[in-house]
Protein chains: 2
Amino acid sequence: MDDRREPSLLFLTDEQLKKGIEAMYFAYRGFTADPDRILEKYGYGRAHHRALHFIHRTPGTNVNNLLAILSVTKQSLNRVLRTLIEDGLVDSRVGTRDKRERNMYLTEKGQALEAELAEAQRARMRAAYRDAGPEAVQGFRQVLEAMMDPDMRRHFNTLKDPD
Amino acid sequence: MDDRREPSLLFLTDEQLKKGIEAMYFAYRGFTADPDRILEKYGYGRAHHRALHFIHRTPGTNVNNLLAILSVTKQSLNRVLRTLIEDGLVDSRVGTRDKRERNMYLTEKGQALEAELAEAQRARMRAAYRDAGPEAVQGFRQVLEAMMDPDMRRHFNTLKDPD
DNA sequence: TTGGAAAGTCAACAAGGCTGACGTAAATTG
DNA sequence: CAATTTACGTCAGCCTTGTTGACTTTCCAA
């Protein structure tokens, strides 16, 4: 019997998996390239982008919630949050129900930067979707979701779904 | 005329694009999680993993080639290569044709670590492919490739393709 | 033979992770 | 009501991995 198999959709060689791994690596670089350029103009980094993104996504979110989504220490997050608050991009309000909590909101200035970053990233994503074709989008999302750690998948699915 | 449209494969709302962006973010974290854990055991970081991966992928590659693929400064790369060479994971041989060049090869020890890292990452990728189904894999790869910067896509396609 | 490419090295710096320790206010629990 | 826990902020110090700039050595090629 011949053990060799034809490349197929079902059987994936280590080499084919490796191409997927490399695709993920190179694509992520493209994914972050446009925001990185914008952030540099303002003297911010990816950490600031992540904070802006998730505060925009969940207005009024507290620090603990952000820590869980971002998986960083509070010291790391605090450094970023502090500069965003000082620079007037984020508004930190004492919680109404629980006064220990701080509820985070984007100011107009913060919304403006978030919008600039988001539009750049959406443009890249839109172009990639267009080039790959509509059927590809489903597969893309399915594989990405399957690749997440369960905890992160939970967070991902908790964020409001537009579908 | 009604401007509202039904969600479809062809028309993507900003919200749907945002979900794609978040999927990319969370998935990349899963993608790097297993190697990160392994690297920590040995006191290495992602930079070491990247060097090991691409030296394994293109045995005998020189520094300039690695710099182009990794898009870092030679000072950054050098620091990583130096430790890998000192630790006996990488063998740096003076070029035969051009003696200015250094051709990089993995030692047995280097191959062992690379294999451990690669297998962990392939396992994650294999599981994601299995969960998402065979049709999804095509789309996944197509979107990722479309998302790359042209320079990186060139590098990606230059690496030996198993298909 | 000389200019420039390739490689390596030193120094200094920054972003953004981390740990550990400590303080304060507010909520919760016994 | 007292004690404990929770949420948050902050200080100090460390690490990895990126950066720029300057400088040297080697050595190929015009």
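**Exercise 1.** Classify the packing of helix α7 (residues 150-158) of chain A against α1(B) in this predicted model.

*Solution.*
Step 1. The two axes come within 10 Å and cross at roughly 170 degrees.
Step 2. Angles over 145 degrees count as roughly antiparallel, so α7(A) is roughly antiparallel to α1(B).
Step 3. From α7(A), the contact draws on A:Met152, A:His155 and A:Phe156, while α1(B) contributes B:Lys19, B:Glu22, B:Ala23, B:Phe26 and B:Arg29.
Step 4. Sorted by class, the residues of this contact are four nonpolar, one polar and three charged.

**Exercise 2.** Determine how α5 (residues 108-132) and α6 (residues 134-147) of chain B are oriented, and describe their contact.

*Solution.*
Step 1. The axes of α5(B) and α6(B) come within 7 Å, and their crossing angle is roughly 120 degrees.
Step 2. The range for roughly perpendicular ends at 115 degrees and roughly antiparallel needs over 145; α5(B) is therefore oblique to α6(B).
Step 3. The handedness of this crossing is right-handed.
Step 4. On the α5(B) side stand B:Met125, B:Tyr129 and B:Ala132; they meet B:Ala136, B:Val137, B:Phe140 and B:Arg141 of α6(B).
Step 5. Six of the residues in the contact of α5(B) with α6(B) are nonpolar, none is polar and one is charged.

**Exercise 3.** Carry out the corresponding analysis for α2(B) and α5(B).

*Solution.*
Step 1. These helices pack at an angle of about 100 degrees, and their axes are 10 Å apart.
Step 2. An angle from 65 to 115 degrees counts as roughly perpendicular, and α2(B) and α5(B) are therefore roughly perpendicular to each other.
Step 3. In α2(B), B:His49, B:Leu52, B:His53 and B:His56 form one side; in α5(B), their partners are B:Gly110, B:Leu113, B:Glu114, B:Leu117 and B:Gln121.
Step 4. The class count for this contact is three nonpolar, five polar and one charged.

**Exercise 4.** Describe the largest pocket by its volume, its lining and the helices that supply the lining.

*Solution.*
Step 1. The space in the largest pocket is about 630 Å³.
Step 2. The lining has 23 residues, of which A:Tyr28, A:Arg29, A:Thr32, A:Arg46 and B:Tyr28 are the closest to the pocket's centre.
Step 3. Both chains take part: α1 (14-42) and α2 (46-57) of chain A, and α1 (14-42) and α2 (46-57) of chain B, each supply at least two lining residues.
Step 4. The largest share is that of α1(A), with seven residues.
Step 5. By class, the lining comprises ten nonpolar, five polar and eight charged residues.

Conventions:
Residues are numbered from 1 along each chain as its sequence is written. Chains are lettered from A and ligands numbered from 1 in the order in which they are written. This is a predicted model: local features need pLDDT of at least 70, side-chain atom pairs count only at pLDDT 80 or more; totals for chains, interfaces and linings use all residues. Side-chain values use heavy atoms; hydrogens and water are left out. Axes are lines fitted to C-alpha atoms, for helices over the stretch in contact, and angles run from 0 to 180 degrees between N-to-C directions. Helices (H or I, at least four residues) and strands (E, at least two) are DSSP runs, numbered from the N terminus. Angles under 35 degrees count as roughly parallel, over 145 as roughly antiparallel, 65 to 115 as roughly perpendicular and the rest as oblique. A crossing is left-handed if the near helix is turned anticlockwise from the far one by less than a right angle, and right-handed if clockwise. Contact means heavy atoms within 4.5 Å. Ala, Val, Leu, Ile, Met, Phe, Trp, Tyr, Cys and Pro count as nonpolar, Asp, Glu, Lys and Arg as charged, and the others, Gly among them, as polar. On a 1 Å grid over the protein atoms alone, a cavity is a set of points where a 1.4 Å probe fits but cannot get out, and a pocket is an open set with protein on both sides within 12 Å along at least five of seven lines; lining residues have an atom within 4 Å of a point. Grid points are joined across faces, edges and corners, and a volume is the space filled by probe spheres set on the points.
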